[in-house]
Amino acid sequence: LAASDCSMSATLANWGENSTAYITVAPKESCQFPLKLSGTINGSEVSQKPKHGKLKKITPSTYQYTAKARYKGTDTFAITATGRDEKTSGTSEVSVEVTIK
């Protein structure tokens, strides 16, 4: 069963800048989300694991978050990505704040 897309809002950052994204998911549900960075993402990794769910890399630019079964509240994790666009290249960290309701 494929996970649905997360309802996500994010501030787009340039390479070398950090950004924050916000997603909402129900307990025990999974959703996929893209990293919102301009240009090409060459690689990514989890730099801070979530405390109230699981995070799985699908591709270097797409991740899947699954919330714990009986948890409601907030969770936070971070992903570090490297890549480039027409103007610059670098490493950026995307902090994700999750609302589980």
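The structure holds one cavity of 30 Å³ or more, and this tour of a predicted model begins there.

**Stop 1: the cavity**

Select Met8, Ala10, Thr11, Ser19, Ala21, Pro34, Lys36 and Val94, the residues that line the largest cavity. The volume of this cavity is about 40 Å³. Which strands each supply at least two residues of its lining? They are strand S2, residues 7-10, and strand S3, residues 19-25. Colouring the lining by class gives five nonpolar residues, two polar residues and one charged residue.

**Stop 2: Ser19**

Keep Ser19 selected from the lining of the largest cavity. Ser19 has its place in strand S3. Is Ser19 buried or exposed? The relative accessible area of Ser19 is 7%, and a residue counts as buried under 20%, so Ser19 is buried. Now display the partners of Ser19, leaving aside its neighbours within four places in sequence: Thr11, Ala13, Glu93, Val94 and Ser95 are in contact with it. Among these partners, Thr11 and Val94 also line the largest cavity.

**Stop 3: Ala78**

Next, select Ala78, which lies in strand S8, residues 73-84. Ala78 has a relative accessible area of 2% and is therefore buried. Which residues does Ala78 touch, not counting those up to four places away in sequence? They are Glu45, Val46, Ser47, Gln48, Glu93, Val94 and Ser95.

**Stop 4: Lys28**

Move to the loop between S3 and strand S4, residues 30-34, where Lys28 is found. The phi angle of Lys28 is near 70°, a positive value in a residue other than glycine. Is the residue Lys28 buried or exposed? Its relative accessible area is 63%, and exposed means over 50%, so Lys28 is exposed.

**Stop 5: an open sheet**

Display strands S1, S4, S7 and S6, which stand in that order in an open sheet of four strands with mixed pairing. Strand S1, residues 4-5, and strand S6, residues 53-59, stand at the edges; each has a single partner strand, so one side of each is left without a neighbour in the sheet. Strands of a sheet pair through backbone hydrogen bonds, either parallel or antiparallel. In which sense do S6 and S7 pair? S6 and strand S7, residues 62-67, pair in the antiparallel sense, over six bridges.

**Stop 6: the whole protein**

The protein has zero helices and nine strands, so the elements from the N terminus on run β-β-β-β-β-β-β-β-β. Along its principal axes, the C-alpha trace spans about 45 × 25 × 20 Å. The radius of gyration is 13 Å, which agrees with the value near 13 Å that a compact globule of 101 residues would have. Of the 101 residues, 37% are buried, Ser19 and Ala78 among them. Among contacts with a separation of 6 or more, 65% are between residues 24 or more positions apart.

Definitions and conventions. Residues numbered from 1 in each chain as written. Predicted model: local features only at pLDDT ≥ 70, side-chain atom pairs only at ≥ 80, totals over all residues. Heavy atoms only, no water. 1 Å grid on protein atoms, 1.4 Å probe; cavity = no way out; pocket = protein on both sides within 12 Å on 5 of 7 lines; lining within 4 Å. Points joined across faces, edges and corners; volume = space filled by probe spheres on them. Nonpolar A, V, L, I, M, F, W, Y, C, P; charged D, E, K, R; others polar. Buried < 20%, exposed > 50% of the residue type's maximum accessible area, 1.4 Å probe, protein only. Pairing = 2+ DSSP bridges. Rg over C-alpha atoms; globule rule 2.2 N^0.38 Å. Contact = heavy atoms within 4.5 Å.
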